[in-house]
Amino acid sequence: SLSQYTLTLTGVGNGQVRVDGTLRALPWSGGFGCGSVVNIEAVPDACYQFDNWSGDLTGNTSPTSITMDGNKAVTVTFSQIQYTLDLIGVGDGQVRVNGVLRALPWSGGFGCGSVVALEAVPDACYQFDDWSGDKTGSANPTTIAMDGDKTVTASFSLSQYTLSLTGVGSGSVRVNGVLRALPWSGAFSCGTVVGLEAVPDA
């Protein structure tokens, strides 16, 4: 009778193998007659990619075939797909990525399916405005799911503060050289040095 040989398939990473058209979870083994040509196809799980065959079958071609002229042991290797997150800043600030403070611009790789925590951290005198690009809105902190390459911009703007001037008695105040009747208020960017001069009435 025709000799029977065993094909043993094992996997590294997440995926399955289609053997002569039938999807098989790994590890798997089956018997085949001597001289049989077995068609095999690597089927990676979501977020994984097929890398290569090793053992009694080598290379990275899929689908492919193997001739059963003896017992065969084949390992199929899958790896998690990696995506890039690019962070850009407008204004002065940084972003904490999974708890680690990163100066902008910054780029990093994450496995497909990862959820990355982002927190905008404005520099002194700045405030966080919003996210744009592949993440929108003003929620802070927030998260982004890595289901592809992503580019996110964090926008910061200079904080504005109000200077309010009131008077007791009769007079005005020169603000940066401009005479202002009291009471008066005006907005200035954080860190601005404002020149004030009291100007009494006659």
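## Starting at Val 175

Let's begin with Val 175, which sits in strand β18, covering residues 171–175. Keep in mind that this is a predicted model. Is Val 175 buried or exposed? With a relative accessible area of 4%, Val 175 is buried, because anything under 20% gets that label.

Who does Val 175 touch, once residues up to four places away in sequence are set aside? The list is Leu 165, Arg 180, Trp 184, Phe 188, Val 194, Gly 195 and Leu 196. Asn 60 is another story: 115 residues from Val 175 in sequence, with 74 Å between their C-alpha atoms.

## Over to Pro 63

Pro 63 belongs to the loop that runs between β6 (48–55) and β7. Pro 63 counts as exposed, since its relative accessibility is 52% and the cut-off is over 50%. Leaving out neighbours within four places in sequence, Pro 63 makes contact with Ile 40 and Glu 41. From Pro 63 to Ser 185 there are 122 residues along the chain, and their C-alpha atoms are 75 Å apart.

## A four-stranded sheet

Now for the sheet. Four strands make up an open, antiparallel sheet, ordered β3-β2-β5-β7. The edge places go to β3 (22–24) and β7 (64–67); each has a single partner strand, so one side of each has no neighbour in the sheet. On average, and ignoring direction, neighbouring strands here are turned by 35 degrees against each other.

Within this sheet, β2 (residues 15–19) and β5 (residues 37–44) form an antiparallel pair with five bridges. Val 19 stands opposite Ile 40 of β5, and Ile 40 is also one of the contacts of Pro 63.

Technical notes: Residues numbered from 1 in each chain as written. Predicted model: local features only at pLDDT ≥ 70, side-chain atom pairs only at ≥ 80, totals over all residues. Heavy atoms only, no water. Pairing = 2+ DSSP bridges. Helix = DSSP H or I, 4+ residues; strand = E, 2+ residues; numbered from the N terminus. Axes fitted to C-alpha atoms, helices over the stretch in contact; angles between N-to-C directions. Buried < 20%, exposed > 50% of the residue type's maximum accessible area, 1.4 Å probe, protein only. Contact = heavy atoms within 4.5 Å.
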